Each structure stands twice: as C-alpha cells, then as structure tokens.
Amino acid sequence: MKRLLIRPGAIGDFIVSLPAMESLCAECTEVWCAGQNVSLAGFADAAQSIVSAGLDRVGLLPASDVLERLRGFDSIISWYGANNNDFRECVRALPFRFLPALPDGNMHAVEFYNRQAVQEGGNPSRFPAIRCPEAPRSFAVVHPFASSLAKRTPMQVFESVAGKLAASMPVHWLCGPEERLDGAVRFDDLFELACWLRQARIYVGNDSGITHLASAVETPVVALFMQGPGIPLPRVWAPRGPAVHVLPQLL
C-alpha cells in the first residue's frame, strides 16, 4: 500500500505528531509538510513541502496535476484541509481520511495525535524521536528565543543560567534564521541542527519548536514556560522526552 501523510504546522506541531505519523507508515510512505520540516521526515520513503507539491493550489487555483498525483496513493491521512470545504470538495473522490490538526486541550498533544493513530490502526511510541548519529555530549546549548514574544523568558534569566553552566562546560548560544544574537550558532537545516543538539549535555530554552527538537534527540532539556493569558499550557505543549524538566515562569 502506498500512503500519503499530510502534516502542516510549525516545528513543534510536526515533532509532537512524529510518533503518530511513524506508526501510520505503510509499505511505501510519503510525507507532505511545511518546508522547514521536510528534513525531519526521515522515517518516510519520501518527503516534500506542501507548497512544492502544489497542494495549496487545490480549491483555489488550477491543480489537475496535483489531483492526478494524489490519485496515485491508496491511502491519504491528512491534518490539512479538514475545515476547508472547497478543498474537501475537490478531493472527495480520493482516499482521504481527515484528522483534527489541533489538540483539544484535554490531554498532551502527543497523546492527542497518538489516539488518532490508534484509531487508524497505528501503534505509536510514547516519545517523539529523531534519529541522529551517536556522538559524545560535551557542551551546553542556550536558546533564548520563541515564535512569540509572550513565550520568551527574560534574557537575564538565560544569561544567569549560561554563566553557571560555563563553570563546568562550554556554552553555545543558539539563534534561528531571523533572530539576532552576536556569536550565536545558526543552522539552516533542521536535521543538521538536530544532530548538533544530539551532542549537547544540556539544552535550556523557551516553549519553542527547537526545544521540542532537542528533546526528540534525547538531549536533557530544561524548558522555561511563561504562564499567562493566551499562552500555551505546558500540560498540552511541553516537550516530551526521556530527560525533560519543565519550569513554569510567571509573568
């Protein structure tokens, strides 16, 4: 059977659904996802971005080529387009199974997606896992950023933590492509970043996709979660891994 998994969303969204997606793999599995996450889909036989696949054209622009390609799959499990009536109408003759893309808030996101996978015949694992080459762990990583300013712990907290860690190991500050911090390490490819994080003895960061990435390579993680109105709850969105410690931070 040839199966397509369509998973939109940011880095953290993709990582918390990894156990579910892996458990739903068939004899041949392809993943369509956000462009930044393509390199994290190593469990699949093939992967590409939703945009490069042309899926975003379906229901909006001419997309006969995309529909023809979709007909080549025996099964399509999609977290994309469930609430888009135009999209659903265009693909109604295809073997789509739509699943809710956002957790309901009653359980952790990993458990939410895992329950979906079980209902589809999967047997998911407990923790998201990104498999990187084994390497000695020799340094600390501090990542003081997040997608939302409301989720960012004050910089002085990270500076204090970095100062204490520096007494026993080298400390590297980490930045994303659009963040600015002199001397920080940057990676364009998320799998390359994952392999680098796999070499860290400890990672300290906010509620961010990169914090999920660090936990998925089994690096010990300290996740600082800001608490306040409109800010995601750690009981739903905390990173899941064998060595994760969540510290709520009050506004």
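Predicted model: local features only at pLDDT ≥ 70, side-chain atom pairs only at ≥ 80, totals over all residues.
Student: What makes the overall size of the chain agree with that of a compact globule?

Tutor: A compact globule of 251 residues would have a radius of gyration near 18 Å, and because the chain has 19 Å, the two values agree. Along the principal axes, the C-alpha atoms fill a box of roughly 60 × 40 × 35 Å, and within the chain there are 10 helices and 10 strands.

Student: How much of the chain counts as buried?

Tutor: Of the 251 residues, 49% count as buried, where the word stands for a relative accessible area under 20%. The accessible surface comes to about 12,100 Å², and carbon and sulfur atoms hold 52% of that surface.

Student: Why is a group of residues called a nonpolar core, and which members touch the most others in the largest one?

Tutor: The name applies because the members are buried residues of kinds such as Ala, Val, Leu and Ile, joined through side-chain atoms within 4.5 Å. The largest such core has 47 residues, and I130, L197, I210 and L213 touch the most other members. Helix α8, residues 190-197, gives the most to this core, with six residues. Another core lies apart from it and has 19 residues, including W32, A63, F96 and F98. In soluble globular proteins, nonpolar side chains tend to be buried together.

Student: Which residues does L197 touch, if those up to four places away in sequence are not counted?

Tutor: L197 touches R137, V141, L174, Y203, I210, L213, A214, V217 and T219.

Student: How do you know whether α9 is mostly covered or mostly open?

Tutor: Each residue is set against the cut-off of under 20% relative accessible area, and in α9 eight of its eight residues are buried, so by that definition the helix is mostly covered. The buried residues of α9 are G209, I210, T211, H212, L213, A214, S215 and A216.

Student: Why is E218 called partly exposed?

Tutor: Buried means under 20% and exposed means over 50%, with partly exposed in between; E218 has 48% relative accessibility, and therefore counts as partly exposed.

How values were computed: Residues numbered from 1 in each chain as written. Heavy atoms only, no water. Buried < 20%, exposed > 50% of the residue type's maximum accessible area, 1.4 Å probe, protein only. Helix = DSSP H or I, 4+ residues; strand = E, 2+ residues; numbered from the N terminus. Contact = heavy atoms within 4.5 Å. Rg over C-alpha atoms; globule rule 2.2 N^0.38 Å. Areas by Shrake-Rupley, 256 points an atom, 1.4 Å probe, with all protein chains shown as cover.
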